[in-house]
Amino acid sequence: MRRLFLKLPYGIASILILAVILFLTLTPDPMGAHDITLFPGFDKVAHFIMFFIAGCIFTLDVAKMRFPHRPRLDLFIAITLFGIVLGGVIELLQDAMQYGRDKDLIDFIADSLGSIAAFAICYYYLVPQLRIILKRGKSDN
């Protein structure tokens, strides 16, 4: 999986995850998702995980694109804010589209917390690891 991500052109992984999120959140009943009730609040956990993964992919895509330069902190903050705004816009669109899905403040909070957690994990752990992998790859060539 790591090799696939490293070989993808810049931005492709981000575009793919964004398309998946839009499909899962803006279609009336994607893959029978309304029938999934593993435990109470599963939907909120799914929102957190979805935006956490998206935040990580966005961040790693940008870090890969900026290599060998270290991306600045404000770029990571902008990516995090994008995830938060995306979650808010999706909730508003769900309400405006009127196909049976309603806006939910708790979903928005879960989206926001997923984006913030992705920032923390990526900025302090994953991006430094990616830089090590990319440096190793450059020295092998």
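Select Arg 72 to start: at 56% relative accessibility, this residue counts as exposed. You are looking at a predicted model.

**Stop 1: the Arg 72 pair**

The side chains of Arg 72 and Asp 74 meet in a salt bridge, 2.6 Å from N to O. Asp 74 is partly exposed, with a relative accessible area of 42%. Side chains of opposite charge can pair when their charged atoms come close.

**Stop 2: helix α4**

Now select residues 73-97. This is helix α4, with 25 residues.

Which residues of α4 are buried? Colour these: Phe 76, Ile 79, Thr 80, Gly 83, Ile 84, Leu 86, Gly 87, Gly 88, Ile 90, Glu 91 and Gln 94. An α-helix has 3.6 residues a turn, so residues three or four places apart point the same way.

Step past the end of the helix to Gln 98. This residue follows α4, and its phi is positive, near 50°.

**Stop 3: Asp 95 and Lys 103**

Asp 95 counts as partly exposed at 31% relative accessibility. Lys 103 is also partly exposed, with a relative accessible area of 48%.

**Stop 4: the salt-bridge network**

How many salt bridges does a search of the whole structure find? The search finds five. For a linked group, select Asp 43, Lys 44, Asp 104 and Asp 107, which are joined in a network of salt bridges.

Zoom in on Lys 44 and Asp 43. Their side chains meet in a salt bridge at 3.1 Å, N to O. Lys 44 is partly exposed, with a relative accessible area of 25%. Asp 43 is partly exposed too, at 35%.

**Stop 5: the nonpolar patch**

Switch to a surface view. Select Phe 39, Val 45, Phe 48, Ile 49, Ile 53, Leu 105, Ile 106, Ile 109, Leu 113 and Ile 116. Together they make a nonpolar surface patch of about 850 Å². Two elements give two or more residues to the patch: α3 (42-66) and α5 (105-140). Which element gives the largest share? It is α5, with five residues.

Val 45 sits in helix α3. This valine is partly exposed, with a relative accessible area of 35%.

**Stop 6: two cysteines**

Finish with Cys 56 and Cys 122. Show their sulfur atoms and draw a distance between them. The sulfur of Cys 56 is 3.2 Å from the closest cysteine sulfur, in Cys 122.

A search of the whole structure finds zero disulfides.

Cys 56 counts as buried at 7% relative accessibility. Cys 122 also counts as buried, at 0%.

Notes. Residues are numbered from 1 along each chain as its sequence is written. This is a predicted model: local features need pLDDT of at least 70, side-chain atom pairs count only at pLDDT 80 or more; totals for chains, interfaces and linings use all residues. Side-chain values use heavy atoms; hydrogens and water are left out. A disulfide is a pair of cysteine sulfur atoms within 2.5 Å. Buried means under 20% relative accessible area, exposed over 50%, partly exposed in between (1.4 Å probe, protein chains only). A salt bridge is a side-chain nitrogen of Lys or Arg within 4 Å of a carboxyl oxygen of Asp or Glu. Patches are made of residues with over 30% relative accessible area and no salt bridge: like charges are joined within 9 Å, nonpolar side chains (Val, Leu, Ile, Met, Phe, Trp, Tyr) within 5 Å. Accessible areas come from the Shrake-Rupley method with a 1.4 Å probe; for residues, only the protein chains shown count as cover. Helices (H or I, at least four residues) and strands (E, at least two) are DSSP runs, numbered from the N terminus. The expected span of a helix is 1.5 Å times one less than its number of residues.
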